[in-house]
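Open the model in your viewer and keep the selection panel at hand. The stops below say what to select and what is there.

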Amino acid sequence: MSPPELLAPAGDLEKLETALAYGADGVYAGGEQFGLRALAGNFSLEQLARARELTRRRGKRLYLTLNAYLKPGETDDCRRYLEHLRSLDLDAYIVADPGLITLLREVDPGRELHLSTQANTTNAEAAEFWRRTGIRRVNLARELTLEEIRAVAAGTRVELEVFVHGALCVAYSGRCLLSAALTGRSANRGLCTQPCRWNYALMEETRPGQFLAIEEDARGSYLLNSRDLCLIEHLPELLAAGVHSLKIEGRMKSRYYVAAVTRVYRAALDRYLADPVNYVCDPLWLEELDKVSHRPYSKGFLFGTEDPQLHPGDARYRRSHDFVGVVLRVDEAGRALVEGRNRFFPGEELELIGPGMRQVRFTVGLLAAEDGTPRTVAQPNARLLLDVPVGAQAGDLLRREH
Ligand code: SF4
């Protein structure tokens, strides 16, 4: 059996390169159509060709999300799109709709197919059903407990994938019409406006404008808001249960998020594979996962409902660090060319992070433009020269603690 796979999101080409550099075995991206993330920086056909080149060069895998449910009248459009995609020779498509799968079988019969979590696979019989239709891998419904995952794995030969980290919906495996009902923008068409995260209040109908205080703090109560998933402490159980692919959510998250989360799961997976018997979760990994923007973490339904997933009183994002820059290159003297993402100044303390859990704090010294002109501030998108710690490499990121 091949080693387990760490699968990371690629919201755009830059994030794809980051995910690969920070340890993903595979990445998943959306094209311009039928990919359920209409608001993400989706890949054009040319960008997908480039993405394929980058992943192949590193011996990694690239999957394309095609997990929308087609409506009558979209078939011809979809068929044309699939025909364009065929020549890109991507490693697999992530699909959900039997109609789209049928089209794919006609247009591109040999292509590897993975079933999206949107298809709600919750038992071994369903997994076997999909395997017999030619599906190679199933991303299980998020509602399953560890025990249920184990039971599915015992009863099917299909490869299994689960989400281990990232945002959760309160809807059944992402099937939800709340956004469609309130804003006309359907989550099932990739247009979710996330109304489950909005701030709601109660109002009695004869007293318009008078909102009843149900909030836990001055910001109101987020009745439908879900915590974020984090299963870093349970990778051994998931792998022993028969899961092959560990998936990180977040095609719309930042480059820093992709780097910081992927490198932690890479470190954990490598540690486990090197010595499964003596594996323990390193507290540093949990600390690092706390340094990305997130809602309070939860174990989802992995252990049933013992860990409440809805968290009305404490829905705010935690954000302890700002992403301030990307190292583009480093010369032999340790002088780096950095592209700013947030403002930073000489004398400030920053932290440089890189693949393999490299991280080192340093104080920013002199800043200069590429032509050597001194600068007193690094602005977002500006390219500046500065001294960085020994061992820094292109692709490393700079962050600042609040
Ligand atoms: S409204 Fe919330 S629960 Fe519904 S699809 Fe969007 S994020 Fe998920």
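Start with strand 3, helix 3 (residues 75-86) and strand 4: they form a right-handed β-α-β unit. Right-handed means that, with the strands pointing away from the viewer, the path from the first strand over the helix to the second runs clockwise. Helices (H or I, at least four residues) and strands (E, at least two) are DSSP runs, numbered from the N terminus. This is a predicted model, in which local features need pLDDT of at least 70 and side-chain atom pairs count only at pLDDT 80 or more, while totals for chains, interfaces and linings use all residues. Residues are numbered from 1 along each chain as its sequence is written, and side-chain values use heavy atoms, with hydrogens and water left out.

Next, select strand 3 (residues 61-66) with strand 4. The two run parallel, joined by 4 bridges; strands count as paired if DSSP finds at least two bridges between them. Pick Tyr63 and look across: its bridge partner in strand 4 is Ala92.

Stay on strand 4 (residues 92-95). Which way do its side chains point? Ala92 and Ile94 go one way, Tyr93 and Val95 the other. In a regular strand the side chains alternate between the two faces of the sheet. All four residues named here are buried (under 20% relative accessible area; exposed is over 50%, partly exposed in between; 1.4 Å probe, protein chains only).

Tyr93 stands opposite Leu113. Show helix 4 (residues 98-107) as well: strand 4, helix 4 and strand 5 make a right-handed β-α-β unit.

Step back to Leu90, in the loop between helix 3 and strand 4. Leu90 is buried, because its relative accessible area is 2%. Beyond four places in sequence, its contacts (heavy atoms within 4.5 Å) are Leu48, Arg52, Arg56, Leu62, Leu64 and Arg111. Draw a C-alpha to C-alpha distance from Leu90 to Trp285: 32 Å, across 195 residues of sequence.

Jump to Thr156, in the loop between helix 6 (146-154) and strand 7 (159-166). Thr156 counts as buried, because its relative accessibility is 10%. Its side chain makes a polar contact with the side chain of Glu128, at 2.7 Å (N or O atoms within 3.5 Å; within protein, one able to donate a hydrogen and the other to accept it; residues adjacent in sequence count only if both atoms are side-chain atoms). Leaving aside neighbours within four places, Thr156 also touches Ala124 and Ala127.

Finish at the ligand. Select Cys169, Val170, Ala171, Cys176, Ala187, Cys192, Pro195 and Cys196, which surround it (a heavy atom within 4 Å). The shell is 8 nonpolar residues, no polar and no charged. Nonpolar covers Ala, Val, Leu, Ile, Met, Phe, Trp, Tyr, Cys and Pro; Asp, Glu, Lys and Arg are charged; the others, Gly among them, are polar.
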